[in-house]
Amino acid sequence: MMRRIAAICFVVATAGCCMAQTSTAKTKTVALKCGNLFDGRGDSLRKNVVIVVEDGKIKDIVAAVPAGADVVDLSRFTCVPGLIDTHTHILLQGDITAADYDEQLLKQSPEYRTILATVNARRALEYGFTSIRDLETEGAGYADADVKKAINDGIISGPRMQVATRAMDVTGAYPLVGYAPNVEVPHGVQVVDGADHARQVVREQISHGADWIKVYSDRSYRVREDGVLDDIPTFTLDELRAIVDEAHRERHKVASHAMALNGVHNSVEAGVDSIEHGNYIADADLKAMAARGIFYVPTIYVGEYVAQGRAAAGAPVWVKMIAIHEDTFRRAMQAGVKIAFGTDVGGFDWKINPAKEFSSMVKFGMTPAQAIRAATSIAAELLGTQNEVGTIEAGKLADLVAAPGDPLADVSLMEKVEFVMKGGVIYKRP
Ligand SMILES: [Zn+2]
């Protein structure tokens, strides 16, 4: 077993896990010759730029290759900061319908799901996502914290991870539901009722490795006659406030699944740090989000992906939500809300490249540069890692990817990343 681990380490990580253990060893200087560079901040590309990488970090951005450096020729490509997906589920394999979801929780052991998760982590990295925020394990306990540990220890390949572990929702609100009362079934969350219990669960999840606390703030959606997307709020405002207060007291942030009117409003009132999905957000709440720096993670593509399947299964509201979502997205941009790239991959099949979200964001009104910033500098700000990743500048970690051609002219090229470097280690190259 030890030999096998050592071999993996040698092959995938010439500069990462092995060299890091011997502080005197200096890694070879690598020069990435980029045809174009998008630094994660601006609106335009720089042409013919060389990124110098040393000891896992960006050392310099220059015009010519320094003497003695190993050159990676990316002259046909645009170099961008390593991408960040702020809403993933590595423990989930797609759940268009309730039956898909129930089957995974009933028929796959957490151990088997963890094996699949390690494959998904590798996939995320190969798509170009060098950081992810994984927003709960959907019934697989604390497996995300273990996948993160295995990546950090150099045992398996994957992105830098922030994890939410089990998440929370109230009694009767989250699958599996609808079984006979005498049948014990698993739940995709930790079931929590009451402010005191909520505080205890926040403490418990953080003690077992949660970086983020994830709450489900609403369920059961319907479109009102005035076009507003209505919901049933799950937690009371008191419960939500207790969760946010306890998490913040322990220097952790809160992500709230909130798709509609009341769930979003309560989450904003309670002071969460990010609104997930947000298909409908009232103008007053958008204004409050902008003023308080609450991020919006719209996850557009997954809505299109599940809509037809869920409509066929008897829930046509999912089709109507798409136009409502677009209107909200455009109002959020106008209101100056910070919008971070997140996909909900796992809610759709990991074999589909989550970078499809870039095209969805552009379709809803962003420029390609805005969409790529949402997945780099702005996403890093949401994760609190903006001093290490999210832009291409000297001193930052060498998390870099390259897409062919000019993604500012055609943002779907972000689905064709051919070069991936994380912490100076190359995981994929053309
Ligand atoms: Zn999700």
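**Salt bridges, disulfide, zinc and pocket**

D70 is partly exposed, with a relative accessible area of 39%. Here, buried means under 20% relative accessible area, exposed over 50%, and partly exposed in between, using a 1.4 Å probe on protein chains only.

A word on the source. This is a predicted model, where local features need pLDDT of at least 70 and side-chain atom pairs count only at pLDDT 80 or more, while totals for chains, interfaces and linings use all residues. Residues are numbered from 1 along each chain as its sequence is written, and side-chain values use heavy atoms, leaving out hydrogens and water.

Back to D70. Its side chain meets that of K28 in a salt bridge, at 3.9 Å, N to O. A salt bridge is a side-chain nitrogen of Lys or Arg within 4 Å of a carboxyl oxygen of Asp or Glu. K28 is partly exposed too, at 49%. The count comes to 21 salt bridges.

Another one is D283 with R331, with the closest N and O atoms 2.7 Å apart. D283 sits in helix α9 and R331 in helix α11, so this pair ties together parts 48 residues apart in sequence. Helices (H or I, at least four residues) and strands (E, at least two) are DSSP runs, numbered from the N terminus. D283 counts as exposed, at 52%. R331 counts as buried, at 16%. There is also a network of salt bridges linking R199, R203, D245, E246 and R249.

Next, the disulfide. How many are there? One, taking a pair of cysteine sulfur atoms within 2.5 Å. C34 is joined to C79, S to S 2.1 Å. C34 is in strand β1 and C79 in strand β4, 45 residues apart. C34 is buried, at 2%. C79 is buried, also with a value of 2%.

Now the metal. Which residues coordinate the zinc ion? H87 (NE2), H89 (NE2) and D344 (OD) do, at 2.1 Å. Donors are N, O and S atoms within 2.8 Å of the metal (3.2 Å for Na, K and Ca); water is not among the atoms, so sites may look incomplete. H89 lies in the loop between β5 and α3, and D344 in the loop between α11 and α12, so the pair ties together parts 255 residues apart in sequence. H89 is buried, at 2%. D344 is buried, at 12%.

Last, the lining of the largest pocket. Its residues divide into 18 nonpolar, 13 polar and nine charged. Ala, Val, Leu, Ile, Met, Phe, Trp, Tyr, Cys and Pro count as nonpolar, Asp, Glu, Lys and Arg as charged, and the others, Gly among them, as polar.
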